[in-house]
Amino acid sequence: MVDLRKRFGSLVAAHRRRHGITQAELAEQAEISVDMVSKIEIGATGARFPVIERLADALKIDPAELFTTEIPRGAINRGPLQELTTELATLSASDLRWITGVIHAALRNRS
């Protein structure tokens with residue numbers, strides 16, 4: 001759990017720095033204390049979902065971007081991609097394999 005808190009904190013700090021804001025500015029925008037931002041960033045404490053949502057809103061990112069570096073900035077917030085991802089999440093494994101084949105065929109045949 002400590003490793004997850006440290007990774008989460010590092011991503012919060014990285015996004016904060018990318019936005020060029022201080023811990024105090026992030027704390028104000030997320031409506032949490034500067035002490036909490038500091039503890040989150042060094043991995044000394046975790047954050048509950050409401051705080052994660054406020055941090056993400058303050059950083060103008062999807063909350064999932066605070067858990068992995070594998071998501072291209074803003075990819076989750078793109079309308080059609082988000083709609084498609086939500087729809088795909090409801091499918092069974094066999095339906096997903098079928099859809100994958102359809103997508104591959106469609107991409108091969110585009111002009």
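**Exercise 1. Salt bridges**

With which residue does aspartate 3 form a salt bridge, and how far apart are the closest N and O atoms?

*Solution.* The model is predicted, so local features need pLDDT of at least 70 and side-chain atom pairs count only at pLDDT 80 or more, while totals for chains, interfaces and linings use all residues. Residues are numbered from 1 along each chain as its sequence is written, and side-chain values use heavy atoms, with hydrogens and water left out.

Step 1. Apply the criterion: a salt bridge is a side-chain nitrogen of Lys or Arg within 4 Å of a carboxyl oxygen of Asp or Glu.

Step 2. Aspartate 3 pairs with arginine 7, with 3.5 Å between the closest N and O atoms. The two residues are 4 apart in helix α1, so about one helical turn separates them. Helices here are DSSP runs (H or I, at least four residues; strands are E, at least two), numbered from the N terminus. Arginine 7 is partly exposed at 46% relative accessibility; the classes are buried under 20% relative accessible area, exposed over 50% and partly exposed in between (1.4 Å probe, protein chains only).

Step 3. Lysine 39 forms a salt bridge with aspartate 35, the closest N and O atoms being 3.2 Å apart. Both lie in helix α3, 4 residues apart, about one turn of the helix. Lysine 39 is partly exposed at 37%, and aspartate 35 is partly exposed at 45%.

Step 4. Glutamate 41 and arginine 16 meet through their side chains at 2.6 Å, N to O. This pair links distant parts of the chain, since glutamate 41 is in helix α3 and arginine 16 is in helix α1, 25 residues apart. Glutamate 41 and arginine 16 are both buried.

**Exercise 2. The faces of α4 and α2**

Which residues of α4 are buried, and which are exposed on the other side? Treat α2 in the same way for its buried residues.

*Solution.* Step 1. In α4, the buried residues are Val51, Ile52, Leu55, Ala56, Ala58 and Leu59. Seen down the axis, they fall within an arc of 160 degrees, so they line one face of the helix. The arc is that of the directions from the helix axis to the C-beta atoms.

Step 1. Phe49 and Asp57 are exposed on the other side of α4. Just after the helix, lysine 60 has a positive phi of about 60 degrees.

Step 2. In α2 (residues 23–30), Leu26, Ala27 and Ala30 are buried. Their arc around the axis is only 100 degrees, which puts them on the same side of α2. Glutamate 31 follows α2, and its phi is positive, near 60 degrees.

**Exercise 3. The aromatic pair**

What kind of aromatic pair do phenylalanine 8 and phenylalanine 67 form?

*Solution.* Step 1. Rings of Phe, Tyr and Trp (its six-membered ring) pair if their centres lie within 6.5 Å; planes under 30 degrees apart count as stacked, over 60 as edge-to-face and the rest as tilted. The count comes to 1 aromatic pair.

Step 1. Phenylalanine 8 and phenylalanine 67 are 5.1 Å apart, centre to centre, with 40 degrees between the planes, and the pair is tilted.

Step 2. Phenylalanine 8 lies in helix α1 and phenylalanine 67 in the loop between α4 and α5 (79–88), so the pair ties together parts that are 59 residues apart in sequence. Phenylalanine 8 is buried at 6% relative accessible area, whereas phenylalanine 67 is partly exposed at 40%.
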